[in-house]
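Biologist: Please show me the model, and then I will ask about a few places in it.

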Amino acid sequence: MKTRRYFKTTIMLVAAVLLSGTVISCTNMNGKEGSLEKSLVPVGENGFEQKDLPYAFDALEPYIDAQTMELHYGKHHAGYTSKFNAALKEEGIASTDIKEIFSNISQYGAGVRNNGGGYYNHSLFWNFMSPDGGGEPAGDLLKAIEETFGSFAEFKELFSGAAGSQFGSGWAWLILDDAGKLQVTSTSNQDNPLMDDAEVKGTPLLTLDVWEHAYYLKYQNKRTEYIKNFWNVVNWDTVEQLYEDAK
Ligand code: MN
């Protein structure tokens with residue numbers, strides 16, 4: 001009798017541990033803490049890290065050429081990453097929460113702002129593209145786009161316009177603002193909509209790099225053609241996941 005009770009208790013304990021494990025892993029997959037956005041900006045022993053590209057340098061050909069990808073990821077993004085970590089150290093900023101850093105960015109120097117933006121914006125940008133990309137979004141995201149902008153075509157036109165009319169270097173964005181509304185916006189240099197002094201603030205859902213280094217080797221001065229071709233590689237799965245995490 002005693003032994004049976006012991007076994008019964010053990011089995012119940014094991015079951016409880018297994019069940020709670022299941023609950024925890026579900027929270028991590030769907031909750032804010034385990035969000036996709038966080039996994040794109042990994043932190044290691046030496047600070048913020050560049051996550052591996054999810055495809056080969058030539059995977060986005062012919063729309064984005066291999067040489068641009070190699071330089072853009074291997075030199076530009078790598079440079080922002082190491083300079084960002086150096087700038088954080090220099091300013092004595094210990095936080096590894098990138099959103100927190102951006103929410104105080106107006107108090108920091110240009111090194112943290114420019115390299116932090118450069119690090120974060122590119123970390124997202126690679127994952128907004130895929131050799132299997134293109135087409136249209138689906139589900140709740142498509143519904144929200146249609147409700148907000150009229151149609152997917154009208155959204156594309158608005159986003160392309162923001163990217164095309166950004167004077168000089170910068171980024172075009174689709175964001176979810178604090179009121180839960182989708183918005184299209186653009187930022188200069190390496191700024192982004194998470195920064196406390198951004199003109200339009202919100203959670204990034206999609207972005208396009210319109211710095212010349214992102215397209216000049218293949219497209220030269222034809223930024224419009226680069227923007228048009230971007231739609232052929234957009235990874236809507238990532239955008240949809242970020243929307244689910246943000247709303
Ligand atoms: Mn870039």
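Predicted model: local features only at pLDDT ≥ 70, side-chain atom pairs only at ≥ 80, totals over all residues.

Modeller: Residues are numbered from 1 along each chain as its sequence is written, and side-chain values use heavy atoms, with hydrogens and water left out.

Biologist: Which protein donors does the manganese ion have?

Modeller: Donors are N, O and S atoms within 2.8 Å of the metal (3.2 Å for Na, K and Ca); water is not among the atoms, so sites may look incomplete. Here the donors lie 1.9 to 2.1 Å from the ion. They are His-72 (NE2), His-122 (NE2), Asp-209 (OD) and His-213 (NE2).

Biologist: How many residues apart are His-122 and Asp-209?

Modeller: His-122 is in helix H5 and Asp-209 in strand E5 (residues 203–209); helices (H or I, at least four residues) and strands (E, at least two) are DSSP runs, numbered from the N terminus. The pair links distant parts of the chain, and the separation is 87 residues.

Biologist: Is Arg-113 buried or exposed?

Modeller: Arg-113 lies in helix H5 (residues 110–125). Buried means under 20% relative accessible area, exposed over 50%, and partly exposed in between (1.4 Å probe, protein chains only). Because its relative accessibility is 16%, Arg-113 counts as buried.

Biologist: How far apart in space are Arg-113 and Met-195?

Modeller: The two are 82 residues apart in sequence. From C-alpha to C-alpha, the distance is 8.7 Å.
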